[in-house]
Amino acid sequence: MSEQDIKVPDLGGAEEVEVIEILVNEGDSVAEEDPILTVESDKATVELPAPAAGKITAITVKVGDKVREGDVVGTFNAEGGGDAEVGDEADVGGKADVGDRAESGDDAESADATTDSAAAESEPEAAKAEPKPSSNAGAAREETVKVPPLDGFENVPVIEINVSEGDSVEIDDPLVTVESDKATMELPSPFAGKIGKILVKEGDTLSEGDSLVEMIVSVGGEAEAESAAAPKDAEAAAPAKAPEAAKPAPESKPEATPAPSAKVHAGPAVRKLARELGADLARVQGKGPKGRILKEDVEAYIKHQLRQVQEGGAVSGGAGIPGIKLPDFSQFGETERESMSRLHVATANNMQRNWLNVPHVTQFDDADITELEDYRKSLKAEGERRGVKMTPLPFMLKACARALADLPQFNVSLDLEKKELIRKRYIHIGIAVDTPAGLMVPVIRDVDQKGLWELAQEAAELAAKARDKKLKPAEMQGACFTITSLGGIGGTAFTPIVNAPEVAILGVSKAAMQPVWDGAAFQPRLMLPLSLSYDHRAVNGADAARFTTRLSELLGDIRHLLL
Ligand code: COA
């Protein structure tokens, strides 16, 4: 093996280019033509390929450095040592694409110099169109802009059309972006003028000489239309540079996700990475020079997306499901917008996460609480003495604690990664509390070990704390199961959402007198509707029916709670 310099090859007329990405590390093995650096001139992004297979021993430039032809950017040990092609020849890139592109760049520049000297002088590289005189000999003329020499490439796909019909463009404004295996190039306008018909579309493949767009060019290089009216600032803000913004899509305005930028600046390696990771580059914010998207930007974007999914997804979308697009409501009538509270956002995300993650089934049943209510009412005076109101909730807490003990398959969480069930040896139950700020779920610990009065007091205290926003995080953690009672409000049944990683939740609706057949006659009984939602991965339907049946037994005759 022999150490050799890696030099910048002929840059196709560009004097100095900026290093925008370093694609290898010291010690990396590279194959011939593997990209080592990405450099960028005003008009093109080019990857400098390895001149031969070998091992990188040093990279002596950093992102942001300016380099010229012949500059040493690193060293490497060529495989096979004395390989002739890895010597000086390799530096020139004689067989690399960059060299080829450079040559054609020169051609283009000299060809242009005759037709548009102002542009040609400032133009460092290849992308020049050759205007074709038109029949219009007035103040403005028509031109068909053709594809300039493409640095030796043919059949290069169009990845972006940068202009729309009717746009005003300046000399050098990009018309379309093409991308070969190795480089992304913007083909600039050789004229100032107005875009007429666009003759290509995304996905078309182009070669030198193909027709790109028709333009109306004034004799002085300015299109007649805007010399009369449009000021430069207006042009800059015009949809010419932002074809997507011109789409008539009222729903795109209030979208939660960032609006895609109209134009993507990214090199081929970055585009390849984005394709591999499934990142939409139009949504990635570029932190490189002139907003160019770097690999780190794509990685940061993907990390952010993953974090969002892990944290429960955005309020719309998540789990790979397309978000809900909002229409422009103002077309239907007057509206106003108000920020969601943090609690509201957190609840929304939790609900969505649980709804999407947990296969829900809800089991319904009615418990006959006629006797329970009689007993509860008989406690009224004692409650007043104790300063605690005995509502139906403590009975439900106690009955659920017993049912959880009797049917421990409900007192679990699933660890699907490890394919394990986590069985809890404690019985902590959350109670959903409706507060003006939103829904909160404080947790009562060791419900099985507490008496009805203790539970009544604790539930009332926690509900009051929730309403006063005084709950501590620890008071909302550790539940095995949740009760959500709408009984004080109304309704006959509902389907609550399981509060994962718990596997079940009991919804309680309003008790009502019902005619119940006792085998001989209908009897008026106070029936309490129960709605048990459960995670069908953890609990099967028969067990759910057993759970509500057990609850009905316990609430139907609270003496069972003593057994
Ligand atoms: N059927 C009939 N009446 C019922 C009942 C039921 N299932 N549950 C409660 N009640 C009655 C109570 O007995 C009380 O009546 P009373 O004053 O005549 O004695 C009245 O309704 C109000 O009870 P409440 O103050 O709500 O006490 P509670 O202990 O039953 O409930 C909370 C406490 C915290 C659960 C309750 O206040 C609450 O916030 N519920 C809403 C929970 C929620 O929003 N869930 C939705 C989650 S998506």
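This is a predicted model: local features need pLDDT of at least 70, side-chain atom pairs count only at pLDDT 80 or more; totals for chains, interfaces and linings use all residues.
Local features were taken at pLDDT of at least 70 and side-chain atom pairs at pLDDT 80 or more, while totals for chains, interfaces and linings use all residues. Residues are numbered from 1 along each chain as its sequence is written, and side-chain values use heavy atoms, without hydrogens and water.

The protein chain contains 13 helices and 27 strands (DSSP runs numbered from the N terminus: H or I of at least four residues for helices, E of at least two for strands). Of its 563 residues, 44% are buried (buried means under 20% relative accessible area, exposed over 50%, and partly exposed in between, with a 1.4 Å probe and protein chains only). Among contacts with a separation of 6 or more, 62% join residues 24 or more positions apart (contact means heavy atoms within 4.5 Å).

Helix α13 spans residues 541–556. Its 16 residues reach 22 Å from the first C-alpha to the last, close to the expected 22 Å (1.5 Å times one less than the number of residues). Buried residues of α13 include Asp543, Ala544, Phe547, Thr548 and Leu551. The cover over the buried residues of α13 includes strands β17, β24, β25 and β27 as well as helices α9 and α11.

Four aromatic pairs were found in the whole structure (rings of Phe, Tyr and Trp, the last by its six-membered ring, with centres within 6.5 Å; planes under 30 degrees apart are stacked, over 60 edge-to-face, the rest tilted). Phe481 and Phe547 form a tilted pair, at 5.6 Å centre to centre and 40° between the planes. Phe481 belongs to β24 and Phe547 to α13, so this pair ties together parts 66 residues apart in sequence. Both Phe481 and Phe547 are buried. The pair of Trp517 and Phe522 is edge-to-face because the ring centres are 4.9 Å apart and the planes lie at 65°. Trp517 and Phe522 are both exposed. Ring pairs also link Phe410, Phe481 and Phe547 into a cluster.

Asp535, in strand β27, is buried, at 2% relative accessible area. Beyond neighbours within four places in sequence, the contacts of Asp535 are Val358, Pro359, Leu414, Val498 and Val503.

Leu356 is found in helix α8 (residues 342–357) and is partly exposed, at 37% relative accessible area.
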